[in-house]
Amino acid sequence: NDTLSAYELATRLSYFLWSSMPDHTLFKLAQNGSLLRPDVLQAQVERMLEDPKSQAFVAHFTDRWLRLDKINSMPPDVKQYKSYYDENLDVAMKQETHLFFAYILKNNLAISNFIDSDFTFVNRGLAALYGMAPLDDAALVKVAITDKRRGGLLGHASVLTATANGIDTSPVIRGVWVLDNLLGTPPTPPPPDVEPLAPDLQGALTIREQLDKHRENPSCYDCHVKIDPMGFALENYGPIGEWRESYGRSRTPIDASAEMADGSHYKDIVGFKKELLKRKDLVTQQLTKKLLEYSTGRIMELEDRKELESIVGTVKAKGSGLRDLVHEVVQSTVFLKK
């Protein structure tokens, strides 16, 4: 029998939502076997999400899903980005994304908020970075977003910093990140004989011209026609997520428009998010996959596909809320099996 025992279920659930061993209540429910009942399991998930210990899930899962562990691996230039260090922006950036995820989870808001939202969490340093109304405190507070360019994860400095290298940005790296983490449609790795794009320090060629040249190689074309449009939309965001209209010294104006692989066009980040909203089921599916992998500790295989799609369908019918998704993940056969 490959179904989890009540004790195994208590342990898996506890490490999923609390990153620690089961408490007295979970052990008691495992001991009398009632944790195996769907209604009891659901009540426990609710109790555990309400407990402050669930902050461990929010932080660890968000960092893993969005690869926020990369934030300090390539620190930004000290001279150019003084505020990054003065305001401890690396810490604030992660907090913004954790608080954002936690709020969506607590209030069972639609998963589409990850693509576009009308709120976020900022403090003094982030408000300044985003060009919002000034705040005078280092603690993060919930604010309404009036600038359509900032809503959703793609406006978060954490994501934009994690997908840059501290000095410049690459539509390829950010495009791959969108395909991989948000849409779950990663491109195939480049062929071994392809030269990587050299950083163009003279500013003679814009990144767009470089990529056009790169695409002339037929083995590069197929992937870049998918990747590049996912990254060009983010070019207005600099290495720490600040808004910019042109590239550094060269003052070349930024063109953030592109044609997607399916022929649809967007002209900027706002239009791009509208295109992503048309693909919100893919985002839900990828999030489901990431939650299952995080909670079970194994990579999802082809035979899990059916169960994955079933979860996505159920959650969609209920209104696509994030908290509903967590419940469906826990009640799924993938979660309940070894």
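Which residues lie nearest the centre of the second largest pocket? Select Arg64, Arg67, Lys70, Asp180 and Asn181, which lie nearest its centre among 21 lining residues. A pocket here is an open set of points on a 1 Å grid over the protein atoms alone, where a 1.4 Å probe fits, with protein on both sides within 12 Å along at least five of seven lines; lining residues have an atom within 4 Å of a point. The model is predicted, so local features need pLDDT of at least 70 and side-chain atom pairs pLDDT 80 or more, while totals for chains, interfaces and linings use all residues. Residues are numbered from 1 along each chain as its sequence is written, and side-chain values use heavy atoms, without hydrogens and water.

Next, colour H9 (171-183): five lining residues come from this helix, the largest share. Helices are DSSP runs of H or I, at least four residues, numbered from the N terminus.

Now show H4 (55-66) and H13 (280-296), which also give two or more residues each to that lining. The axes of H4 and H13 (lines fitted to C-alpha atoms over the stretch in contact, with angles from 0 to 180 degrees between N-to-C directions) come within 11 Å and cross at roughly 120°. Bring up the side chains at the contact (heavy atoms within 4.5 Å): H4 brings Phe57, His60 and Arg64 among others, and H13 residues including Leu287 and Tyr294.

Last stop: select phenylalanine 16 and phenylalanine 335. Their ring centres are 5.8 Å apart and their planes at 50°, so the pair is tilted. Rings of Phe, Tyr and Trp (its six-membered ring) pair if their centres lie within 6.5 Å; planes under 30 degrees apart are stacked, over 60 edge-to-face, the rest tilted.
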